[in-house]
Structures are given as structure tokens and as C-alpha cells.
Amino acid sequence: LMADAFRNAWEAEGGQVVQQIDVVEGTSLDGLKSTLATYPADFILLATNGEEARHIRPNLDIATPTFGFSHIYDGLAYDPANAALSAVQFVDLPWVLKPDSPAFAGYQKAAAELPRGEMQRWFALGADAYRILQVLARQPLQGTVINGLTGKIHISPTGEITRELALARFSPAGILVDHLP
């Protein structure tokens, strides 16, 4: 699903997907390695969760830029198991990546008892949905920007909502945030 959504968006913007390899149970990771050596890629997108990515990544060329979605990150800033994902870049919510940011001080107490990962993502989504409703109720048909827990949220005068996520990467020292919107 994630791979197909990416492919459709990439091609809609004029990009070209030369090869898509689905790694399923029973896929030979040595075969994957030789396929990628035969057909080098400009970049690799791991459209999978962290557990599966940790098994796949050691079989990929470390020199090829590799990316993932938020599903690749479990919310633990430092997890020794993520060493296999070193240099993989991914997008995620600012709240998940930097929950102790002073910008989020008003939400930290409310979310303190929630486990890391998906519950934190749902919390951020709910908080931002509430803020969007407040803005739309006060300022209908006016463009605005909200620096939210889920990212920088742009609301156009016509009501179209877009969001800019944070960019981070795995490193031996843990998660490094490269860009907060």
C-alpha cells in the first residue's frame, strides 16, 4: 500500500520507478543483494516497518541513499537494534521526534502516560485536528499556518490542508533530526 501510494505520487510528478522489488516471506536476501548490484538504483525506499527494515537493510548498498516512511521508526530515540538502519532517512511527526521540545510544553503532561510510537502519533493527530477546527471556526476561508504536533500545517483560503513533516535519520548515536518544519 505505501509503496503503491509512493509510486503513484512519484509518477504523477514526472518521476520514473525503474524497479520495484517486493520483499515477502521467503524472499532470498542474497538474491536481493545481487539484483540490486545488477541494476543499481539512484535511491532505495523501504516501504516497511522497522523490524522488517532491520533485516533488509544489511543486504543493501550502504552508498545508495535509502529512505523510509514513519513506519520505520518505533519512537525510541536510541535503540541498539536500529544500528542496521544507520543513515536511513525518514519522515515523521515533530512530536514523535522531539516530544520534549519547548514548543510542545502544553501537551507533554497530557501525553506523558502514553506509550511511544503509534499512540503518540494518534495523540498528535487528535491535538492538531482540534486546533484545525478551532482555526476554521474562527477564521473561515482565510489561509493560515499552524505549527502543529504533526508538522507545519497549511490551510489555504479554499480549505485545502497540507502538512510538512520533519526529516530525520538513523545514526549510531540514535535518531538525528535533520529538519523540523
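A salt bridge is a side-chain nitrogen of Lys or Arg within 4 Å of a carboxyl oxygen of Asp or Glu. A search of the whole structure, which is a predicted model, finds four salt bridges. Side chains of opposite charge can pair when their charged atoms come close.

One of these bridges links Glu11 and Arg7, with N and O 3.3 Å apart. The two residues are four places apart in helix 1 (residues 2–12), and so are separated by about one helical turn. Glu11 is partly exposed, at 36% relative accessible area. Arg7 is also partly exposed, at 26%.

Arg169 and Asp178 form another salt bridge, at 3.0 Å from N to O. Arg169 is partly exposed, with a relative accessibility of 30%. Asp178 is partly exposed too, at 39%. Elsewhere, salt bridges with shared partners connect Asp92, Glu118 and Arg121 in one network. Glu118 is partly exposed, at 45%.

The protein as a whole contains six helices and eight strands. Along the sequence, their order is α-α-β-α-β-β-α-α-α-β-β-β-β-β. The C-alpha atoms fill a box of roughly 60 × 40 × 25 Å along the principal axes. Of the 181 residues, 30% are buried. Contacts between residues at least 6 apart in sequence include 44% that join residues at least 24 apart. The exposed surface comes to about 11,000 Å², and carbon and sulfur atoms supply 56% of it. There are 13 positive and 20 negative side chains. The centres of these two sets lie 9 Å apart.

Helix 6 covers residues 118–138. Buried positions in helix 6 include Phe123, Ala124, Ala127, Ile132 and Val135. The buried residues of this helix pack against helix 4 (94–97) and helix 5 (105–111). They also pack against strand 3 (89–92), strand 4 (144–148), strand 5 (151–155) and strand 6 (161–164).

His154 is part of strand 5. This residue is partly exposed, with a relative accessible area of 31%. The C-alpha atoms of His154 and Thr144 are 6.0 Å apart, although ten residues separate the two along the chain. Beyond its neighbours within four places in sequence, His154 contacts Thr144, Val145, Glu160, Ile161, Thr162 and Glu164.

Thr64 sits between helix 3 (50–56) and strand 2 (66–68). At 9% relative accessibility, Thr64 is buried. Leaving aside neighbours within four places in sequence, Thr64 touches Ala41, Asp42, Phe43, Ile44 and Arg57.

Most residues other than glycine have a negative phi. Ala87 has a positive phi, near 80 degrees. This alanine lies in the loop between strand 2 and strand 3. Ala87 is partly exposed, at 40% relative accessible area. Leu141 likewise has a positive phi, of about 60 degrees. Leu141 occupies the loop between helix 6 and strand 4. At 69% relative accessibility, Leu141 is exposed.

Conventions: Residues numbered from 1 in each chain as written. Predicted model: local features only at pLDDT ≥ 70, side-chain atom pairs only at ≥ 80, totals over all residues. Heavy atoms only, no water. Buried < 20%, exposed > 50% of the residue type's maximum accessible area, 1.4 Å probe, protein only. Contact = heavy atoms within 4.5 Å. Expected span 1.5 Å × (residues − 1). Areas by Shrake-Rupley, 256 points an atom, 1.4 Å probe, with all protein chains shown as cover. Lys, Arg positive; Asp, Glu negative; His and termini not counted. Charge placed at Lys NZ, Arg CZ, Asp CG, Glu CD.
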